[in-house]
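Q: Please take a close look at one part of this model: the helix packing. Keep it brisk.

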Amino acid sequence: MGCGRSDLVAHPSGTSVPDRRHAGKSSITVYNMRVRSILNSGGAECILGALFFLVAFLDYLTGGTALGWTPWWDALVLALLCLGMRWPLVSAWALFVAVPLGMLVDPLGQGMYVLISSCAVVLMIRRDHLRLAVIGTVVFGGVNYAVLFVRAAYFGDPPAPFFMLASVGIWYAVVWAIGLGIRGLARAEAARVASQYRERQL
């Protein structure tokens, strides 16, 4: 690719050479665009899911999961979440099947698979898969509620279905607020870029 006039600087020999400072800025711009593309495609949700996994791991190391932890299950749910970066629909339906099975693997919710799966709802909302996001909210929220109920019964705590339902509802209200907020910002940014493009064409 040739260099424009703005990319050239004078050399003591009298010739013009590419401006390395401009080339450096261009490479930084390309890098930033790639990072943004990865995050927009689901990388942000994968990072958040990985942080949840890390929390479970640290809790395990410090003895917080006295009843045991099933790391491979959390890792599987995290992998299915990250699959959404490439195949969002496959990831969504795989999670709809896998997460309820978590009641058989980790019924007490010693791991973080319930919270990791909620990250997928944010991704569905951001990508305008609102019907899938509603299904995910019902499925994942239902599993979350069931885990809370089973934990209460296991430890002999009195059941508090209203407060359990409220806690799950508040969590997914936050999930939807984040997803819709990011979706709105992305649409506003797209509209701004489109408006600038139209102005340049005039």
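A: **Helix packing**

Helix 2 (residues 71-83) packs against helix 3 (residues 88-105) at an angle of about 165°, their axes 8 Å apart. Axes are lines fitted to C-alpha atoms, for helices over the stretch in contact, and angles run from 0 to 180 degrees between N-to-C directions. Helices here are DSSP runs (H or I, at least four residues), numbered from the N terminus. Helix 2 is therefore roughly antiparallel to helix 3 (angles over 145 degrees count as such). Their crossing is left-handed: the near helix is turned anticlockwise from the far one by less than a right angle.

The model is predicted; local features need pLDDT of at least 70, side-chain atom pairs count only at pLDDT 80 or more, and totals for chains, interfaces and linings use all residues. Residues are numbered from 1 along each chain as its sequence is written, and side-chain values use heavy atoms, without hydrogens and water. pLDDT is the predictor's confidence in each residue, from 0 to 100.

Helix 2 contributes Trp72, Trp73, Val77, Leu80, Leu81 and Leu83 to the contact (heavy atoms within 4.5 Å) with helix 3. On the helix 3 side, the residues include Pro88, Ala94, Leu101 and Val105.

Helix 3 also packs against helix 4 (residues 113-126), at about 160° and with axes 11 Å apart. That makes helix 3 roughly antiparallel to helix 4. This crossing is left-handed too. Ala92, Leu95, Phe96, Val99, Gly102 and Met103 of helix 3 meet Tyr113, Ser117, Ala120 and Met124 of helix 4.

Mean pLDDT for the chain is 81, with 75% of its residues at 70 or more.

Note on methods
Helices (H or I, at least four residues) and strands (E, at least two) are DSSP runs, numbered from the N terminus. Angles under 35 degrees count as roughly parallel, over 145 as roughly antiparallel, 65 to 115 as roughly perpendicular and the rest as oblique.
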